[in-house]
Amino acid sequence: MIKALQKKFVIMAMSAVSMLLIVLIGGINLANGWITVRQIDQQLAMLSDTEGGMAKHKKPKVPPGGFLDPPMDEDTAMSLRFFIVFIDEDGQVLHKDISRISSVNSEQAEEFAAKAAESGKQTGYVETFKYQAIAAGQNRDFEYAQVYIFLDVSRHFRSIFKMFALSVSIAVLCWLFMLLIVIWLSRRAIRPIAQNIQKQKQFVTDAGHEIKTPLAIIQANIDAMELIHGENKWSRNIKNQTQRLNGLMQDLLTLAKMEEAGLQLPMEDLDISRLFNETLMPFYEAAALRGIFIEAQIQPDLWMRAGREHIQRLFSILFDNAVKYAEAGGTIHVDIQKSDQNIMIQVQNTCTQLPQTEADRLFDRFYRGDSARTQKNGGYGIGLSAAYAIVTAHRGNITAKYIDDHTILFQVSFSKLNKA
């Protein structure tokens, strides 16, 4: 339980850290991308104002610098890598200027211009270039129908990617560093809770052992009194409540043992089929007294490595629960079979009315379908919790499900291990 609590603490803390880092890194990179795209548009606008420097008579509009924007001027625009293509009304290239870039030749410049014209858009992207189209005008040497200015934005995109890679790398390192801190803090944070839980477990164990002795004395005295004075309703009530307390203490001690940190269960190669049948035999008589029919299917010679005492207690809890809550004249079906590499155990019984809650809640401590806790069936809501703890300690799985309105099924599965 302590490890599970620490794990939950770490998961919740790291989930919060992860969300914070995702929002932070996402916000930084979105802002960086927006600023970079804005710079590209401003640079293209400056180049468009002067037709890439070819219209000497035009003065470019210099956008004002801001807190997040570097200053822009004509010299900055002229340091950019770009090329220009002029075309006439028929789509023929009149002139091209590739002097500002060395990675594009004349044929490529014409090909890019053709793709831009074919798209019909005033601005867009062609490979790693962003273009801006300028409507018809007149250069000092010729008239043109359209001019396309292509700005190389590969450097801008590389900058965006570098920022993204750097921020993600830093975020991962921060996350790992925070994980170490959270793990260290989680041990200190849950230490008082762990100590309190340990004291509770120790109290249950000590109290259980202390109560066993007076219960045994009470039982012995009642037996002696009945030998002398005979059985009566008061002696029967005392015996029933003594047995009830004995069962409760057994289940509480089982829970305490199962949850004890570092507990090493005494394991042995166990003929679980035989143990299943031996544990079931005493319940036939109890079921017959209420007219309940038990149908058993037991596949022989199924072996697994387990603790005999705890597995026997598991079977007793499931059988006792079925007999206790089955309606008079009902049916109980129990079986143990091999399924693939697992051992499957099923205990199914009919009942007058199913609990008014989800089946999984039946494993909660002190939960009872009898919400008034009238003790009509003699249960105290701890047996199935002990069964769950036993199965979990053996790395198995236990579930409960409602088959129909009057039938409940408990299923247990264990990984099969043949006899050594």
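## Residue H333

In this predicted model, H333 is buried, its relative accessible area being 18%, a value that falls under the 20% limit set for that class. The residue belongs to strand β11, which covers residues 331-339, and its side chain forms a polar contact with the side chain of D335 at 3.1 Å. When neighbours within four places in sequence are left aside, H333 is in contact with E295, Q297, Q346, V347 and Q348.

## Helices α6 and α7

Two packed helices are described by the angle between their axes and the distance between the axes. For helix α6 (residues 272-289) and α7, the axes cross at roughly 35° and come within 10 Å, and the crossing is right-handed.

On the α6 side the contact involves I272, L275, F276, T279, L280, F283, A286 and A287, which meet R308, I311, Q312, F315, S316, F319, D320 and V323 of α7. By class, the residues of this contact of α6 with α7 comprise 11 nonpolar, 3 polar and 2 charged.

## Helices α7 and α8

Helix α7 (residues 308-325) also packs with helix α8 (residues 383-393), at an angle of about 145° and with the axes 9 Å apart; the crossing of α7 and α8 is left-handed.

From α7, the residues H310, R313, L314, I317, L318 and N321 take part in the contact, while α8 contributes G383, L384, A386, A387, I390 and V391. The residues of the contact of α7 with α8 divide into 8 nonpolar, 3 polar and 1 charged.

Note on methods: Residues are numbered from 1 along each chain as its sequence is written. This is a predicted model: local features need pLDDT of at least 70, side-chain atom pairs count only at pLDDT 80 or more; totals for chains, interfaces and linings use all residues. Side-chain values use heavy atoms; hydrogens and water are left out. Axes are lines fitted to C-alpha atoms, for helices over the stretch in contact, and angles run from 0 to 180 degrees between N-to-C directions. Helices (H or I, at least four residues) and strands (E, at least two) are DSSP runs, numbered from the N terminus. A crossing is left-handed if the near helix is turned anticlockwise from the far one by less than a right angle, and right-handed if clockwise. Contact means heavy atoms within 4.5 Å. Ala, Val, Leu, Ile, Met, Phe, Trp, Tyr, Cys and Pro count as nonpolar, Asp, Glu, Lys and Arg as charged, and the others, Gly among them, as polar. Buried means under 20% relative accessible area, exposed over 50%, partly exposed in between (1.4 Å probe, protein chains only). A polar contact is a pair of N or O atoms within 3.5 Å; within protein, one must be able to donate a hydrogen and the other to accept it, and residues adjacent in sequence count only if both atoms are side-chain atoms.
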